[in-house]
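Hi there,

Here is the structure I promised to pass on. My notes follow below it.

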Amino acid sequence: MKALVYHGPGKKSLDNCPKPELKSPTDAIVRVTKTTICGTDLHILKGDVATCDPGRILGHEGVGVIDAVGSAVTTFKVGDHVLISCITSCGKCEFCRKQMFSHCTTGGWILGNKIDGTQADYVRIPYAETSLYPIPANVDEEALVMLSDILPTGFECGVLNGKVQPGSSVAIIGSGPIGLAALLTAQFYSPAQIIMVDLDDNRLEVSTGFGATATVNSRDGTAVEQIMKLTDGRGVDTAIEAVGIPATFELCEKIVAAGGTIANIGVHGTKADLHLESLWDRNMTITTRLVDTASTPMLMKVLASKKLDAKLLITHHFKLEDVINAYEAFEHAATSGALKVIISTQ
C-alpha cells in the first residue's frame, strides 16, 4: 500500500509499505477513504515529538471502511463506514474509566506517533470497539474527518478547559484550524466577545466569517494594547493558546483578566516562561490537556443536526499520491490559504 512515512526531522516520503495485519482480537483494519494533516504532524516533522520514531506512517485522523476485524470485535463488521478517533482507548484502565482516554495505559495518542497512522491506504486500529465510531446515515464524511481531532480538541482543550461562559470574553491566539475549531465550538456558550489573534490577515478574515466579534493582527507588537482596549482594560476571561510557541503562550499571560483562565491547546516543543511575578495575585488558572475525544459522540450529533458546519474548515483536496504537495500547501498556509486539507485514497 501507499503511505506517508516520517524519516526523521524534516524528512518524509510517500512509500510502498506492507498492508497492516490484525495483531490482537480487539483490532480492526480500516481501508482509509479520507484523511487529513494536523499541525501535530508538522511538530513531528520539526522533531518536537520524541515518541515518534523514524519509519513511522504519520496521521491520526480519517474515515474509512472496515476491511477486517479481530475475533473479539462484535459491534463492527466488514464493510461498515467508520470515523477514526485520534485517541485509542481500551475503555477499561483507570484513566479510561475517568474519561481521560488520552492517558489510556495501553492507548492514548498512538496513531501516527507510536504506531502507524492514517495517511495510508490502510490502518490498524487497536481497541476498535472503543476507538472507532459508526458513521450515521446522511452525514458528510469529509465533515466527519474534522471530528477525528480538531473539533474535539478545540472544544475540550480550549472551550471546556477555558470555562467559556455566556457573556464572557474570549481571546483565541492562533487562527489556524485548531483555533478556528475553538471559535466554532465556543459559540455553543454564547460568549459576548471572541477576539481572534493571528499574524495572517487572510485567516483573520476567515475567522470573522466564522463568528469572531473582533480580530487582532499581532505582527506589529501591539496585540496586548489592542485586546485591552477591546475589553475596557480588563483583559479576557478566557485566553486560548492555539499555536504552541513561547510568544503566544506569554501573550496569553499578558491579556488574561483577574479570575480568568489560560487554556493551552498548542503542542510546545520548547520552554515558555511562566511570569509568576505578574500573575501570582491574579486568581487565574492555567490548564493543559491532550484531547480525550469524550465529546465526539455529542459533536457527531450536533454535526448531524446541521447545527455545526465542519466543512467550513476544509479548503483543499488532494489524492494520496499527491500527499507531499498537500503537506506543502498545509505548511505554507500563508501563501496557499489552506486550513484543513482532505486527502482521498480513491
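Buried, as I use the word, means under 20% relative accessible area, exposed means over 50%, and partly exposed lies in between (1.4 Å probe, protein chains only). Please keep in mind that this is a predicted model, where local features need pLDDT of at least 70, side-chain atom pairs count only at pLDDT 80 or more, and totals for chains, interfaces and linings use all residues. Residues are numbered from 1 along each chain as its sequence is written, and side-chain values use heavy atoms, with hydrogens and water left out.

Let me begin with helix α6. Helices (H or I, at least four residues) and strands (E, at least two) are DSSP runs, numbered from the N terminus. Helix α6 spans residues 177-186, and ten of its ten residues are buried. Among them are Pro-177, Ile-178, Leu-180 and Thr-185.

Ser-168 sits in the loop that links α5 (150-160) to β8 (169-173). Ser-168 counts as buried because its relative accessible area is 9%. From Ser-168 to Gly-79 there are 89 residues in sequence and 46 Å in space, C-alpha to C-alpha.

What about Ile-286? Ile-286 belongs to strand β13 (residues 285-287), and its 35% relative accessibility makes it partly exposed.

Best wishes
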